[in-house]
Amino acid sequence: YLITGSGDRTIKIMDLESRKLAHEFDEIHDQYGPTALRLTRDNRYLVASLFDNSIRIWDSNNYSLLSNFAYATPESLNSMDLSEDNEYIIGASFASLLLWRLATKETKFDNPRDEIAYWKGISK
């Protein structure tokens with residue numbers, strides 16, 4: 001499968017073998033659409049960050065929206081990834097670096113100084 005997000009405010013899943021559209025998410029009501037997309041390592045969930053400063057999580061088997069939560073930064077994320085164990089979402093914008101626990105949606109830090117201290121504390 002190929003998953004795309006675009007400026008037409010859509011997220012589409014294409015089946016590469018059949019070359020057909022497998023699913024188009026119609027729950028996107030953001031003005032601009034997704035900024036980053038990731039599948040969890042086990043392919044169970046699709047995680048998207050959007051220009052409206054939200055993160056949305058869908059079940060990748062039945063495409064149901066499981067979670068939609070906002071984050072408090074002045075700008076939207078332009079990059080996002082998941083930890084190896086799928087426990088954390090890591091996101092970056094032009095001025096912020098954010099880390100959430102996926103199960104609780106709790107952010108790990110609140111300001112840039114905390115972010116820098118936290119990242120220095122876990123680097124190996």
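What percentage of the 124 residues in the chain do buried residues make up?

## Overview

Buried residues make up 38% of the 124 residues in the chain; buried means under 20% relative accessible area, exposed means over 50%, and partly exposed lies in between, with a 1.4 Å probe and protein chains only. This is a predicted model, in which local features need pLDDT of at least 70 and side-chain atom pairs count only at pLDDT 80 or more, while totals for chains, interfaces and linings use all residues. Residues are numbered from 1 along each chain as its sequence is written, and side-chain values use heavy atoms, with hydrogens and water left out.

The secondary structure comes to 1 helix and 11 strands, where helices (H or I, at least four residues) and strands (E, at least two) are DSSP runs numbered from the N terminus. Along the sequence, the pattern reads β-β-β-β-β-β-β-β-β-β-β-α. The chain exposes about 7,600 Å², of which carbon and sulfur atoms supply 49%; accessible areas come from the Shrake-Rupley method with a 1.4 Å probe, and for residues only the protein chains shown count as cover.

## The sheet of S1, S2 and S3

An open sheet of 3 strands has the order S1-S2-S3, with antiparallel pairing; two strands pair if DSSP finds at least two bridges between them. Strands S1 and S3 (20–25) stand at the edges, each with a single partner strand, so one side of each is left without a neighbour in the sheet. From one strand to the next, the twist averages 25°, an angle between N-to-C directions that runs from 0 to 180 degrees, with axes as lines fitted to C-alpha atoms, for helices over the stretch in contact.

Strand S1 (residues 2–6) pairs with strand S2 (residues 10–15) over 5 bridges, and Ile3 has Ile13 in S2 as its bridge partner. The hairpin of S1 and S2 has 3 residues between the strands, and in this hairpin Arg9 takes a positive phi near 65°. S2 and S3 also pair over 5 bridges, with Glu24 in S3 as the bridge partner of Lys12.

## Nonpolar cores

The largest nonpolar core has 13 residues, and Val47, Ile55, Ile89 and Trp100 have the most contacts inside it. Such a core is a set of buried Ala, Val, Leu, Ile, Met, Phe, Trp, Tyr and Cys residues joined through side-chain atoms within 4.5 Å. Two or more residues come to this core from each of S6, strand S8 (79–82) and S10. A second, separate core of 9 residues includes Ile11, Leu37, Ala48 and Leu50.

## Two loop residues with positive phi

Most residues other than glycine have a negative phi. Asn53, in the loop between strand S5 (45–50) and strand S6 (54–59), has a positive phi near 60°. Tyr63 is placed in the loop between S6 and strand S7 (65–70), and its phi is positive at about 65° although Tyr63 is not a glycine.

Are these residues buried or exposed? Asn53 counts as buried because its relative accessibility is 13%, and Tyr63 counts as buried because its relative accessibility is 19%.

Leu98 lies in strand S10 (residues 97–101) and counts as buried because its relative accessibility is 6%. Leu98 and Leu77 are 21 residues apart in sequence, and their C-alpha atoms are 9.0 Å apart in space.

Among contacts in the chain between residues at least 6 apart in sequence, 26% join residues at least 24 apart; contact means heavy atoms within 4.5 Å.
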